[in-house]
Structure formats: C-alpha cells, structure tokens
Amino acid sequence: MTGNGPKDSAAMPNPSRLTVAVPRGALFGDTLALLDRLGVDTAEVRSNDRKLLFEDAGIVTMRPSDVPTYVEHGAADIGITGKDVLLEAPERDVYELLDLGYGRCEMVVAARSGDDALGEAQRRLGRVRVGTKYPRIAARHFAQTGRQAEIVAVKGSVELAPLTGLVDGIVDLTATGRTLSENGLEVVEEIVTCTARLIANPVAHKLKADRIDALVRQIRGEGA
Amino acid sequence: MIHPIPPGTRDVLPDEMRELRAITTALGGAFEGAGYGEVFTPALEYEEVLRTGDATAAGAGYRMFDEQGQVLALRSDMTIPIARLVATRFRGVEGPLRLSYAGHAYRAVAHGSGQQREFLQNGIELIGPEGAEAEAEVIALTLAALDEAGLARHRVGLGDGALYRTLLEGLDVPEERRGPLLDCLSQRDLVTLGRHVDELGLQPGARDLLMRVPELRGGVNVLEVADGPLGGLAREALDGLRALMQALSERGVADRVILDLGLVLELSYYTGAVYEVYDPAVGFALGGGGRYDDLIGRFGDPRPACGVALDVQRVHIAQAAEERMR
C-alpha cells in the first residue's frame, strides 16, 4: 500500500484492524467503557471532544443516527447505535449482531396529562396528529394499531408540540420519563424497548470474520 | 430550468463510459473465452412470465399496459428471462448450455435510499449439469473474469440457500414460525433471531444450533465445526458444500472462497449453493448467484442450472478503489 497520509487512511482504513463507529451522545460513555474493557485505548477519545477520527484506536465518532450509514458503506467495519436508530432506518443493509444491553430506553406515545387529547381526536376527527423525530416508527405503530395518523416531523424538543396545540400527541424516546412529566406530558402507550446494538458491515462480516467473531465472543463472555 | 431524471437512474458521460465499457469488455471476453455465448432478451416481458419465475420478482418492478391491454413489466433480474429463453428457444437441445449476458434490470427503490432503479448486470448461466463441478466452474470463472476487469483482492462468500430451512424442518419447528426466522436471517438481525429462537422452547442443543449456524464463516474447516451438530440434519447441504470446496480447490481458487453458512439471498428460486462476490475496498456485494434447479422447469423444460450476475457499476467502484490503493 502506498500513500499513508492521514487523508488516504481515512478513506481506506487499515485492513488489519477493525474500524469502529462510536456514537456520541447518550450512548457515548457506556460505549467507551465497553471499548476499554475490550482493551481498546480510548484515552485520546475521552480527552478530545472536537476530534472525530482516531486512527490509532480505530475509532470514528459521530451522531448515533449516522452510525448505520457509515457501517453500511463500509467506512466503518462495525458500529454501535440504538435500536431506535435501526428501526428508523430499516433500508440500511447492516447486520445486527448483539444486543449490548445498555442505553435502555422506551419508545412511547405521550400526550398532555389528564385530557385524553389523542382519544378525543381519534373519536371526533377520525385521525390523530402526532409529532415525532421518528416518523417511520410512529407511522408504523399507528398503522399496526389500526389508527389513521398524521405524522408531523419535528427536529427539536418534541415535548413542545402538544403543549402548543401543534399535535395531539408525540412519539419519542424516554429513559426515565422526567422530561415528559416536567412538561406536563404522560406516557399513553409503550411501543418498543430500545437498547444499544452492535452492527456490522455485510462485507466486513465475511472478510474480517475472525476479528469480528473474536470481538463478539469477548463481549458475550463478559455478559454485557 | 431543471429537467430531472428519476432517482436511481443515471446519465453516463464519456470518461466514465470508457471505463464501464472496458469492464464489460473484460468480463464479456472472459465469459466468451470460456465458451459462454452471449444472448440478448427484451427489457420488457409479460408480467406473467416474470411471475412464473418468482412470485416476488414481478411485484416489485414497473408495470404497464400494452396496446392490447396486456400487462408488461420491466425485468427485475436476468435469470428469469434466460430461464424462459432456454425453455422456449433451446427446447430439445442437448445440454450443457453455456450462456452469458449484459443487460439492464429494474427494481423499485425506497425513496432517498441511494439504491439503483436501473442497473447493468453482466453474468453467466450454466444450464444442464448438476452438482459441485458446475458450481465450481461458475465461481472460478467469476473470479477470473474479475481479475480481467482489474480487481485483485476479490472473494466469494459461499453458503447453501436451503440449509437453514432444512434445519428448521429437521428440528420440527412449526411451519408458521419458520417464516419470521428466515426473514431475520436474511436481514441478519441476529438479535431478533435469538429472541424468536428462544420463544420456540427447544432443547439447549437445538437452540445453540439455530444460533450458531448464521455465525459459521471461514475456510473449509467450518464444515467440520458444523458437521458435529449439523451432520444428521443437513447432510445434503454440507456434503454439497464439501464437494464444491473440493472442486474449487482442484481449480486452485478455494483460498478465495469464504464459507458463510448463514448466507441467504433475496431471490426465492435458489435451491442449493448460493454465493456473493466481495472486494475489501468496498462495503457492498458486487454480485451474486447460485443454483436454481427448479426455475427452468417452471417454464416447462426442467433442467438443473446455476449462474452468477455481477453489477457492473459496483465492479467499477471496486476497481477504481483498488486502483487508488495500488
């Protein structure tokens, strides 16, 4: 191989080692702790939160929803992301190898406490308006439960949408329910439990089978 | 003023076209040199013909009415039209037949997915012979043709399309539970697969078997690992793969083949060995194929067959990436 400049190796990761896509955000701390236990040196990742690419450790960091994209295209061999992200991007061709157990959250339908806005809209208008950052999960859930829903995609704080009358309810991820209750919302239905998952690129899963299997065994062995 | 083309289709300009042409010439030359004569079939077929080949193949594509009110469809792969061609144009002709093709196929795409709606496939079909020797010929020729096209590190992943289904039957998994398990396997969602397997309430040995098979990948030693727990249940599939690895080794290409016992392909007409082609420079398969012994019979002229189809644009991406790494 020629040209080992940083740019080249970014496009073509070192073939003898796995490149791991690591999610920043809520799963970041537990993921780094897991990598530490697997013997990956994460000191530099912890000490520098502007840098995104850590070649020595074989780590690239990104927002969780980008992890399946990088892994599908083989820019990372394996990655860690939430099941919520995978459910929202079902067309991504990645292998889901392990439930890592941490980052446990509930995908829920929530609405203003006390006034049954969802039920009322359903009864009188024949449809509900639902705000969410997860339009596909939301659409699937309402379709599966036989209700017509108008999905309103919002990017920021979803809790605001029902309070201002934009929507009757929301579909969102919650760990403790605190943000919901602080905003006068309550959980009406639970859709699915989401945890962190180990995913792999389909080609790397064959061409780097030994290293991926060793990693999976190591993670399983420690009962994560 | 913007005049768009549909997402998933593309215009090709001279610089790229020259390189694509070099690839199709190299692949086509290798196929022709090995005795595979090129055939051409129409992009438009009667929908019923495509449906005869594979119930899902016609549904996903593009349909239209002709001036008689007949339903036409754009072909979604090349193998079904060639099965029709063999059963009609070669009826009564002694095999084996060696055919090659280069043509466009069409599939529906998810919005914004970046998938190709129209794609150029270059491939071969070997019709007549049963067994490992034929499959080895197709796989070895695939590897050699890609050498000609400028790839160097490409590999073939090899499995058996009927293996997991046979296992489920052998373990008496109720019929209605098999579908979800096979779906999980084809999407390689091993987490959900594990949940479904747990719900079956099988003996620990049977449970381990269903969980371990999709993870078995590697060289010929994988078959020995599988033989203990699998031996009795999937004897036919394992013997087939062993014979095929032997035939590949005689052709000197076994070290470029990776066994992958969890490999399942999307198309339902495969009956035995299935394979995919990879290059470490790119994260997606360059093509795939397998044995489809029942397909030509659906058109009235039963003949065993196997083949492979390569996606020319993907081969080009891999070739360009390999060139950059040199």
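This is a predicted model: local features need pLDDT of at least 70, side-chain atom pairs count only at pLDDT 80 or more; totals for chains, interfaces and linings use all residues.
**A tour of chains A and B**

Residues are numbered from 1 along each chain as its sequence is written, while chains are lettered from A and ligands numbered from 1 in the order in which they are written.

**Chain A: the two domains**

Where they meet, 5 residues of domain 1 of chain A are in contact with 7 residues of domain 2 of chain A (contact: C-beta atoms, placed from the backbone, within 7 Å). The domain 1 side of this contact has 1 nonpolar, 2 polar and 2 charged residues. In these classes, Ala, Val, Leu, Ile, Met, Phe, Trp, Tyr, Cys and Pro are nonpolar, Asp, Glu, Lys and Arg are charged, and the others, Gly among them, are polar.

**Between chains A and B**

Next, show both chains. Here 20 residues of chain A are in contact with 20 residues of chain B. On the chain A side, select β5 (95–99), α10 (202–207) and α11 (209–221), each of which supplies at least two residues. Helices (H or I, at least four residues) and strands (E, at least two) are DSSP runs, numbered from the N terminus. Which element of chain A gives the most to this side? It is β5(A), with 5 residues. By class, the chain A side has 10 nonpolar, 3 polar and 7 charged residues.

**Chain B as a whole**

Now hide chain A. Chain B has 12 helices and 12 strands. Its radius of gyration is 20 Å, close to the 20 Å from the globule rule for 326 residues, so chain B is as compact as a globular protein of that length. The radius is taken over C-alpha atoms, and the rule is 2.2 Å times the number of residues to the power 0.38. The C-alpha trace of chain B spans about 65 × 50 × 50 Å along its principal axes.

**Helix α1 of chain B and its partners**

Select α1 (residues 14–33) and α5 (residues 132–148) of chain B, which pack at about 140° with axes 8 Å apart. Axes are lines fitted to C-alpha atoms, for helices over the stretch in contact, and angles run from 0 to 180 degrees between N-to-C directions. The two helices are therefore oblique to each other (under 35 degrees is roughly parallel, over 145 roughly antiparallel, 65 to 115 roughly perpendicular, the rest oblique). From α1(B), B:Ala26, B:Leu27, B:Gly29, B:Ala30 and B:Phe31 meet B:Leu141, B:Ala144, B:Ala145 and B:Glu148 of α5(B). These contact residues divide into 7 nonpolar, 1 polar and 1 charged.

Pick B:Glu19, B:Leu20, B:Ile23 and B:Thr24 in α1(B), which meet B:Val312, B:Val315, B:His316 and B:Gln319 in α12(B). This contact has 4 nonpolar, 3 polar and 1 charged residues.

**Last stop: α6 and α7 of chain B**

Select α6 (residues 163–170) and α7 (residues 175–187) of chain B, packed at about 150° with axes 11 Å apart. That makes α6(B) roughly antiparallel to α7(B). B:Tyr164, B:Arg165 and B:Leu168 of α6(B) are in contact with B:Arg178, B:Leu181, B:Leu182 and B:Leu185 of α7(B).
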